[in-house]
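Hi everyone, thanks for coming. Have a look at the structure I'm putting up now, and then we'll walk through some parts of it together.

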Amino acid sequence: MEARPSHSRAPDWAPWALLLPSLLVMLVAFVLPVGMLLARAFTQPEPGWQNFVLLWERPVYLQVLWNTVLISAAATPVALLLGYPVAHAMAHGSARTRRLLTFLVLVPFWTSLLVRSFATVILLQRRGPLNTLLMNIGLIDAPLPLIYNLTGVLLGAVQTLLPFVIFPLYSSMKRIDPSLVPAALTMGAGPVRAFLRVYLPLSLPGLMAGATFVFISMLGYFVIPALLGGPRQTMVGQLIQDQISQLGSWGVAGALSFILLAITAILLSVLNKLVGLKAVAR
Amino acid sequence: MTTPNPGTLLELRGIRKQYGRHAAVDDVSLELRQGEFLTFLGPSGSGKTTTLMMVAGLQQPDDGAIILAGRSVDRVPPYRRDIGMVFQHYALFPHMTVRRNVAFPLEMRSTPKAEAERLVSAALAMVGLPDHGDRMPRQLSGGQQQRVALARAMVYRPALLLMDEPLGALDKSLREQLQMEIKRLHREQRMSVLYVTHDQSEALTMSDRIAVFNEGRIEQIGTPSDLYERPATRFVAGFVGETNFVSAVVLGQEDNTYRVSVAGAPMAVSARFVTAPGSTAMIAVRPERIQLRRDGEGVPAELVDLIYLGNARRFVLRLAGGEEWTALMQADAAEESGLHPGDAVRLSWQAHHAAAFPAGGH
């Protein structure tokens with residue numbers, strides 16, 4: 001960023017003063033409660049590591065944690081593959097295309113997650129419109145199991161996550177000089193090589209940012225696996241919910257939250273090492 | 001496909017490109033000879049860049065044929081056309097070092113590694129950047145980046161080098177320096193160059209021939225002196241160099257000259273268009289071809305202002321009809337004339353230095 005001459009005579013702390021209300025809200029509504037929940041991992045029912053020992057000794061907890069990572073890891077490439085061409089069209093298409101696509105990407109965003117998930121249930125169920133259509137046109141003989149399994153979770157999750165890959169990708173692609181690929185073509189690179197050698201490496205920051213957003217958001221998903229998944233797709237978020245609302249076990253919930261947060265923190269620091277967080281933040 | 005002349009490298013035949021109902025390029029035909037430096041000159045939106053893009057294969061003509069090195073390239077994608085291209089904003093790959101950038105086209109051609117290394121070094125030396133190979137493009141100045149782009153477009157010795165306003169993003173002194181350098185490379189490397197610019201002085205100094213584009217069509221193709229001394233259309237007369245225009249009534253024709261009446265004064269201009277006596281024509285005269293006298297024959301005018309240019313003086317004149325003209329005079333001639341703003345003067349010129357164009361058109 002270029003330094004601009006300052007025209008105002010406002011003191012240096014003025015911007016911080018304006019930030020103060022939101023910082024206070026974050027502190028009271030986010031940092032404190034999350035901190036208290038995490039603290040309970042070490043304090044309830046009594047101080048010590050017992051909650052983590054419990055998680056370690058019950059394979060079901062580790063299984064759910066592992067499921068969570070696997071499902072999130074499966075959703076990420078799907079979302080990236082679907083989002084990449086959309087972001088490309090937004091970044092390099094006409095203003096009209098960009099407006100239309102931005103609108104289409106945001107519309108689901110403005111619809112309640114619960115509404116969308118229930119709508120997906122209707123669409124994907126055994127006798128739902130999708131299976132009926134596929135059977136009527138003769139593509140399948142029996143209804144496909146599209147819901148209460150991994151397919152259901154991925155279909156439901158990916159559509160909610162697409163904006164999170166499209167916008168970082170778009171912001172990264174927007175920065176790519178549109179004459180680079182034509183330049184590569186004139187130098188003898190075919191379209192595939194021009195993409196792999198020039199365009200893809202330059203879109204990598206957006207790709208990494210999008211992947212991180214998707215993966216980390218997915219780790220905490222709860223409504224979608226609950227509505228669209230089966231027992232084998234139980235994710236940590238559901239487990240935390242069960243621990244608190246059904247078992248009243250704040251300590252175990254805190255320990256699970258702690259692990260979830262730790263995975264997120266490790267991932268973000270790895271990403272920071274690889275591409276720099278400024279790629280995510282810009 | 002046969003080419004009419006053995007020395008022809010590129011031929012365009014009736015090229016058209018339509019955007020909606022607007023013809024961006026309309027029936028363009030031309031030939032580029034082996035080793036020639038041909039420039040497309042025109043205002044923005046005149047179709048010159050679109051035509052270049054079609055030669056590169058980055059855009060497809062709606063009609064017409066492009067023949068490069070004896071074969072029609074209608075169905076040949078850019079990466080099989082044996083061309084090099086330099087873009088206005090350099091288009092260097094920002095994630096590769098200068099060396100990797102210049103090596104890229106060789107890599108695409110699977111040039112053996114040792115040979116490629118040698119060619120890259122030679123190309124970087126050729127553009128005066130032998131020690132910049134390990135830098136990243138963003139660490140170079142605009143002028144240096146464009147030199148790297150030149151090296152990259154020339155390192156594989158393509159049959160034809162295309163340049164799309166390559167100096168448009170640089171400041172004036174750097175632009176003039178690189179003009180000389182591109183001319184030197186063209187001469188030394190004996191490259192065939194197709195160059196696009198909207199800068200008429202750049203076109204005049206660099207080109208063997210210039211094609212002047214206007215509204216998707218070629219107005220005139222010729223050497224710089226052809227265009228400057230014998231513009232074929234009023235547009236060329238106005239776009240290439242500075243020109244004074246005035247409308248005049250044609251009185252009659254004698255051999256190669258028309259007798260015309262400019263603001264009541266009988267004058268002679270060269271006749272290259274068929275114009276009937278009594279009709280109106282547009283007369284064009286270059287500022288440096290105008291002679292100024294206090295009295296005698298010639299078009300009456302008032303000297304409005306006298307601008308000091310160091311080695312020359314610019315006289316701002318107002319004709320009787322209100323047209324503002326300029327005349328250019330070398331310093332000593334201007335001083336000898338002893339003219340001052342406010343003086344009444346008479347303008348004259350030699351018949352072959354004034355062109356007459358049909359009035360109305362351009």
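What percentage of the 282 residues in chain A is buried? Buried residues make up 32% of chain A. Before we go on, please keep in mind that this is a predicted model.

Let's stay with chain A for a moment. Along its principal axes, the C-alpha trace of chain A spans about 70 × 65 × 35 Å. If you take the contacts in chain A between residues at least 6 apart in sequence, 74% of them join residues at least 24 apart.

Now let's pick one residue. A:P45 sits in the loop between α1 (14–43) and α2 (50–57) of chain A. Is A:P45 buried or exposed? A:P45 has 12 other C-beta atoms within 10 Å, and because 12 or fewer counts as exposed, exposed is the answer.

Next, the place where the chains meet. The contact takes 15 residues from chain A and 17 residues from chain B. On the chain A side, the elements that give two or more residues are α8 (180–186) and α9 (191–219). Which of the elements gives the most to that side? That is α8(A), with five residues. By class, the chain A side divides into nine nonpolar, four polar and two charged residues.

Over to chain B. Chain B is divided into domain 1 (8–237) and domain 2 (242–358). The C-alpha centres of these two domains lie 39 Å apart. Where the domains touch, domain 1 of chain B gives four residues and domain 2 of chain B gives five. The domain 1 side of that contact has two nonpolar residues, one polar and one charged.

Now please find the sheet in chain B. Six strands form an open sheet in the order β6-β7-β8-β3-β9-β10, and the pairing is mixed. Which strands are at the edges? They are β6 and β10 (217–222) of chain B, each pairing on one side only. From one strand to the next, the twist averages 20°.

Let's check the length of α4(B), residues 142–154. At 1.5 Å a residue, its 13 residues should span 18 Å, and its end C-alpha atoms are 18 Å apart, so the two agree. How many of the 13 residues of α4(B) are buried? Ten are, so this helix is mostly covered. Among the buried ones are B:V148, B:L150 and B:M154, and also B:R147 and B:R152. The cover over the buried residues of α4(B) includes β6 (83–86), α2 (98–108), α3 (113–126), β7 (160–164) and α5 (172–189) of chain B.

B:D208 lies between α6 (200–206) and β9 (209–214) of chain B. B:D208 has 15 C-beta neighbours inside 10 Å, which means that B:D208 counts as partly exposed. B:D208 and B:F37 are 171 residues apart along the chain, yet their C-alpha atoms are separated by 5.1 Å. Leaving aside its neighbours within four places in sequence, B:D208 is in contact with B:E36, B:F37, B:L38 and B:T223.

Last stop: a hairpin. β17(B) and β18(B) form it, with four residues between them, and B:G322 in the turn has a positive phi of about 95°. Strand β17 (residues 312–319) and β18(B) run antiparallel and are joined by seven bridges. B:R314, for instance, has B:L328 in β18(B) as its bridge partner. Which residues make up the covered face of β18(B), residues 324–330? They are B:W325, B:A327 and B:M329, while B:E324, B:T326, B:L328 and B:Q330 form the uncovered face.

How values were computed. Residues numbered from 1 in each chain as written. Chains lettered and ligands numbered in written order. Predicted model: local features only at pLDDT ≥ 70, side-chain atom pairs only at ≥ 80, totals over all residues. Domains from an automatic or database assignment. Contact = placed C-beta atoms within 7 Å. Nonpolar A, V, L, I, M, F, W, Y, C, P; charged D, E, K, R; others polar. Buried ≥ 20, exposed ≤ 12 C-beta atoms within 10 Å, placed from the backbone. Expected span 1.5 Å × (residues − 1). Pairing = 2+ DSSP bridges. Axes fitted to C-alpha atoms, helices over the stretch in contact; angles between N-to-C directions.
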